[in-house]
Amino acid sequence: MDFTKFVSILENGALFFARADKLGDPFEGSLPRRNIDSFRDEESNMYAPVMQQLPRFTLISCWHESTHESEAMWKLYSSTQGGIAIKTRFESFVKSLGTNEQFHIGRVQYLDYDGDQIPEVDTLSPYLHKRRSFA
């Protein structure tokens, strides 16, 4: 992350969560074609307005999980003046989020949105699945 964002985390003792519709991916929170095709017409008509509005009310904090550093991630998430990476394990990260607030955490799975299907669809599952090009 950018060094100034890291300082903000330290000063505020809190993570930044962005609205899903502000992340820059127009497909954020969308469903694969096979999921959409599996809805009956009345289901599709009922869910469509909710799914269109949900990104405005979904807050996300994205992290990168890998066994090695990624030059692409450094270029995307840090400035030319420098950046910082916070190294942790998934389990340690979850434990560190001690809060009374309700939240959901999970690892993103990458799919072929033309051929694959999200197995169980609820309002959060589209945010834990992304197109393979983001892997």
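User: Which residues make the nonpolar surface patch of about 230 Å²?

Analyst: Val108, Tyr110 and Phe134 make that patch. Patches are built from residues with over 30% relative accessible area and no salt bridge; like charges are joined within 9 Å, and nonpolar side chains (Val, Leu, Ile, Met, Phe, Trp, Tyr) within 5 Å. A salt bridge here is a side-chain nitrogen of Lys or Arg within 4 Å of a carboxyl oxygen of Asp or Glu. Accessible areas come from the Shrake-Rupley method with a 1.4 Å probe, and for residues only the protein chains shown count as cover.

User: Before we go on, what sort of model is it?

Analyst: It's a predicted model: local features need pLDDT of at least 70, side-chain atom pairs count only at pLDDT 80 or more, and totals for chains, interfaces and linings use all residues. Residues are numbered from 1 along each chain as its sequence is written, and side-chain values use heavy atoms, with hydrogens and water left out.

User: Where does Val108 sit?

Analyst: Val108 is in the loop between α5 (90-96) and β3 (109-111). Helices (H or I, at least four residues) and strands (E, at least two) are DSSP runs, numbered from the N terminus.

User: Is Val108 buried, partly exposed or exposed?

Analyst: Partly exposed, because its relative accessibility is 32%. Buried means under 20% relative accessible area, exposed over 50%, and partly exposed in between (1.4 Å probe, protein chains only).

User: New topic: how many aromatic pairs does the structure hold?

Analyst: Two. One is Phe3 with Phe6, tilted, at 6.3 Å centre to centre and 45° between the planes. Rings of Phe, Tyr and Trp (its six-membered ring) pair if their centres lie within 6.5 Å; planes under 30 degrees apart count as stacked, over 60 as edge-to-face and the rest as tilted. Both Phe3 and Phe6 lie in helix α1 (residues 3-12), three residues apart, which is about one turn of the helix. Phe3 is partly exposed because its relative accessible area is 47%, while Phe6, at 18%, counts as buried.

User: And what about Trp63 and Phe93?

Analyst: They form a tilted pair too, 4.7 Å centre to centre with 55° between the planes. That pair links distant parts of the chain: Trp63 is in the loop between β2 (59-60) and α4 (71-77), Phe93 is in helix α5, and they are 30 residues apart. Trp63 counts as partly exposed at 36% relative accessibility, and Phe93 as buried at 14%.

User: Why does Glu28 count as buried?

Analyst: Because its relative accessible area is 11%.

User: Which residue's side chain does Arg33 make a polar contact with?

Analyst: Asp114's, side chain to side chain, at 3.1 Å. Arg33 is found in helix α2 (residues 33-38) and is partly exposed, given its 49% relative accessibility.

User: Last one: what's the secondary structure of the protein chain?

Analyst: Five helices and four strands, in the pattern α-β-α-α-β-α-α-β-β along the sequence.

Notes
A polar contact is a pair of N or O atoms within 3.5 Å; within protein, one must be able to donate a hydrogen and the other to accept it, and residues adjacent in sequence count only if both atoms are side-chain atoms.
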